[in-house]
Amino acid sequence: MSRLKELRSYINEELYKMEDIDERTAAITHLNGVALAATILAKKRGFDPEVAAMAGVLHDLHAYKTGSYEEHEHKGSELARQILEELQLTNPDETEMICSAIYHHGDKLTVDSPFDELLKDADVISHTLNDPTKPIKEREQKRYDALCEEFHLI
């Protein structure tokens with residue numbers, strides 16, 4: 001079993017504990033959408049696509065498990081580290097990359113490391129393209145515009 005498949009299996013077990021079916025569906029859709037976008041960005045930007053996908057499927061797990069977005073990036077980073085260490089899926093450098101990206105993914109206005117930026121961008125892709133009828137959040141507009149330019153969508 002691949003590392004990503006093992007991680008997804010673990011995460012799905014956690015998500016299936018959510019009682020609200022609509023919230024569970026939204027969680028699965030978002031986490032997998034961000035993982036897919038992160039995979040594409042990783043291939044384009046020269047990162048390991050599997051590690052990027054792992055960051056994507058983990059990035060909001062804490063918020064979905066607890067129902068709270070308060071400091072979910074920081075708490076989510078801690079949860080991701082616990083999961084990755086428990087499952088022994090990543091080496092220390094990969095764990096640090098994933099946890100740093102999760103820690104920083106909420107601040108879309110600040111520029112962090114290139115891998116941190118990859119997760120932020122993947123999150124924006126999911127937020128803006130999952131439902132193209134919704135308006136783009138002001139804090140995500142600049143990043144969305146840069147992504148459209150990067151992918152020649154404008």
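Residues are numbered from 1 along each chain as its sequence is written, and side-chain values use heavy atoms, with hydrogens and water left out. Because the model is predicted, local features need pLDDT of at least 70 and side-chain atom pairs count only at pLDDT 80 or more, while totals for chains, interfaces and linings use all residues.

Let us begin with the open spaces. A pocket here is an open set of points, on a 1 Å grid over the protein atoms alone, where a 1.4 Å probe fits and with protein on both sides within 12 Å along at least five of seven lines; lining residues have an atom within 4 Å of a point. Grid points are joined across faces, edges and corners, and a volume is the space filled by probe spheres set on the points. The largest pocket holds about 470 Å³ of space. Its lining has 23 residues, and His30, Ser126, His127, Lys134 and Lys137 are the closest to its centre. Helices are DSSP runs (H or I, at least four residues), numbered from the N terminus. At least two lining residues come from each of α2 (21-45), α5 (72-87), α7 (114-129) and α8 (138-150), and α7 gives the most, with four. For residue classes, Ala, Val, Leu, Ile, Met, Phe, Trp, Tyr, Cys and Pro count as nonpolar, Asp, Glu, Lys and Arg as charged, and the others, Gly among them, as polar. By that scheme the lining of the largest pocket has nine charged, nine polar and five nonpolar residues.

Now for the second largest pocket, with a volume of about 250 Å³. Of its 15 lining residues, Ala37, Ile40, Ile125, Ser126 and Leu129 lie nearest its centre. Here α2, α7 and α8 are the elements that give two or more residues to the lining, and α2 gives the most, with five. The lining of this second largest pocket divides into 10 nonpolar and five polar residues, with no charged ones.

Serine 126 sits in helix α7. It counts as buried because its relative accessibility is 11%, where buried means under 20% relative accessible area, exposed over 50% and partly exposed in between (1.4 Å probe, protein chains only). Apart from neighbours within four places in sequence, serine 126 is in contact (heavy atoms within 4.5 Å) with His30, Gly33 and Val34.

Helix α5 is our next stop. Its 16 residues reach 21 Å from first C-alpha to last, close to the 22 Å expected at 1.5 Å a residue; the expected span is 1.5 Å times one less than the number of residues. The buried residues of α5 are His72, Glu73, Gly76, Ser77, Leu79, Ala80, Ile83, Leu84 and Leu87. An α-helix has 3.6 residues a turn, so residues three or four places apart point the same way. The cover over the buried residues of α5 includes α1 (3-15), α3 (49-58), α4 (61-66) and α6 (92-104). After α5 comes glutamine 88, whose phi is positive, near 50 degrees.

Charged pairs come next. Side chains of opposite charge can pair when their charged atoms come close. With a salt bridge defined as a side-chain nitrogen of Lys or Arg within 4 Å of a carboxyl oxygen of Asp or Glu, the count comes to 13. One of them joins aspartate 121 and arginine 45 at 2.8 Å, N to O. This pair links α7 to α2, across 76 residues of the chain. Aspartate 121 counts as buried because its relative accessibility is 6%, whereas arginine 45, at 26%, is partly exposed. Aspartate 121 also bridges to arginine 143 (2.7 Å, N to O), a link between α7 and α8 over 22 residues. Arginine 143 in turn meets glutamate 117 at 2.8 Å, N to O, and both of these residues are buried. A network of salt bridges links Lys44, Arg45, Asp112, Glu117, Lys120, Asp121, Arg143 and Glu150.

We finish in the loop between α2 and α3, the place of phenylalanine 47. At 23% relative accessibility, phenylalanine 47 counts as partly exposed. Leaving aside neighbours within four places in sequence, phenylalanine 47 is in contact with Ala42, Met97, Pro114, Phe115 and Leu118. The C-alpha atoms of phenylalanine 47 and methionine 97 are separated by 11 Å, and the two residues are 50 apart along the chain.
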